[in-house]
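Please have the sequence and the model at hand.

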Amino acid sequence: MDVVALAARIQAMADDALDQLVVERQAPPQLSSTFDLAEHLVADASIAQALRWRSGAELVALAAGTSTPRLDALLLGADGLALPQVRAAAAAALSSLPGSAGPGPGDAPEPPAPLDSAVAPQLAIDEAIKIAELVHRIADHPVTLRSRAQLPAATVRDLAAAIDAEPAQLDERLDLAALAGLVDRHDGRLRATVDADAWLGAAVPERWLAIARAWLAATPDAAAVASGDFPLADDTVRAARQRQLRQAHRLGLAERDALTTLAVALRDDPAAALATLAAHVPPATASVYLQPDLSAVAPGPLEAAVDARLRGMARIERAGIASQWRITAQSVAAGLAAGETAEGLLAFLADISLTGLPQPVAYLVRDTASRFGSLRVRAVAEGGARAQARSDDEQLIRTIAVDRALVAIGPQQTGAHRVTFRVSPEEALEVLLDERYPAVLEDDAGRLIVRAIERAPRREHERHRLVARLRDSGFEVGEHERAWLERQLQAAVRERMPVRLTVTTTGEPVDVELVPLAVANGRLRARDANRDVERTLPLSAITKVAGLGAARA
């Protein structure tokens, strides 16, 4: 297939398909036309790069001259046949592999049979619970990102500790949450999305289903990922595939170089996959064992409403089927700041406790409530200060002013009842609460500010910027492209599809949008879409094409 024909295929692609093509084939963003992209795709270096990502089975198919719908979508093939350049490159690459390192033409590896794993459901449940814990924490406390959209080191440690995981595994789990549309990393913030609350309110198997489906949709070659069958992979490809494999293992989708039967059920019969998981999850409970040491242990997964309210007054220590919580002065203060009352908190705890209301718990709640609001934080603008805290307790103000744990927010005592900080009121509040000070946020009138729920909007997929450039720029029409152009215009006539052309006759080039009506004798008859009049012009006057009825997704 020559460059002209390849450019024609690119021009006719839907925007979503073109986006997938330029992303997966790693097209340079500076390309200026579909002809440039076509030339890039058939260049030796581009083909070699694409083959590094292909599985052994795909390489064998290409080397034999055949293709698949997925390979066609990447323009490594067309209509079920490998492009000649791709066929030659695949055959040469396979023949250069050591005898035991990879398959040769005609030796397509058989995918391993799905593995009936006894541990896959438990792994899947555990991973759904851990990702839910991350989403909960991000929903409660959105994260301000550092440069290059990185999480602060302290946040990484805290989130990893919350799910008893290595910090290096955190991003892999956040990626899954992002794939499922539960968290959003934009505009310098990591936030839960508007879809997160409904997902958190679902049962554990449904939570897993959403995450696992998102992973499967983003990994069309899942079987090859499970088996590690990428003979030409370089270090970059291996790292990306191993990351996908670790995610699959934790989701119960892969084990011992094969997909699990749970993964096959997810693909072929999601209801069966849900039933498999549901059989391993105890019924939801509305009760906990409340202990005198201020801990609370849930004997099974908590009902969503109970879980949500308990999170407002207790800190989770261990996330799992049987989760463990701890009630602290800070957690009670957070509940009071969110609008709870001491009596409301105690009534709720007594209602859900299977062991009554221990005296230490009641004392902590009442004592915290008695001191709640004694330190009030608000915005201020004076000198380098951005926030202040005030209290009737002079000793409390003196303690804050000299507390070394607060040095990062720069406390400066400016009166017997007042201390200022160089950070925002919200930042000062977080640090003060972390150090167990009875701080609340107030407005200029002294009214308590209840923290608003912050959620990121549902975002549409952001297409590669090259897609818009190719749609707008079009390509020049020379002598070699005129036969192709005539065929495309004839197709546009049949479909009554509009085209965008640059026409040069006697004066300056003119951009027009036309609906072709007929093509004959080297001339185009068309209706001008803007002026609603018919025009006839020679094909030789068409010097540039920017659109030929490409479907827009």
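## Strands, rings and a pocket

Strands β4 and β5 make a hairpin, with two residues between them. In the turn, Asp 187 has a positive phi of about 55 degrees. The model is predicted: local features need pLDDT of at least 70, side-chain atom pairs count only at pLDDT 80 or more, and totals for chains, interfaces and linings use all residues. Residues are numbered from 1 along each chain as its sequence is written, and side-chain values use heavy atoms, without hydrogens or water.

Strands are DSSP runs of E, at least two residues, and helices are runs of H or I, at least four, numbered from the N terminus. Two strands pair if DSSP finds at least two bridges between them.

| Pair | Bridges | Direction | Opposite residues |
|---|---|---|---|
| β3 (residues 143-144) and β5 (residues 189-192) | two | antiparallel | Val 143 and Leu 190 |
| β4 (residues 183-186) and β5 | four | antiparallel | Arg 185 and Leu 190 |

Now the rings. The charged end of Arg 207 sits over the ring of Trp 199, 5.9 Å from its centre. The rule asks for NZ of Lys or CZ of Arg within 6 Å of the ring centre and within 35 degrees of the ring normal.

What lines the second largest pocket? Helices α2 (15-24), α10 (170-179), α12 (204-218) and α14 (235-250) and strand β4 each supply at least two residues. By class, the lining has 17 nonpolar (Ala, Val, Leu, Ile, Met, Phe, Trp, Tyr, Cys, Pro), 17 charged (Asp, Glu, Lys, Arg) and nine polar residues (the others, Gly among them).
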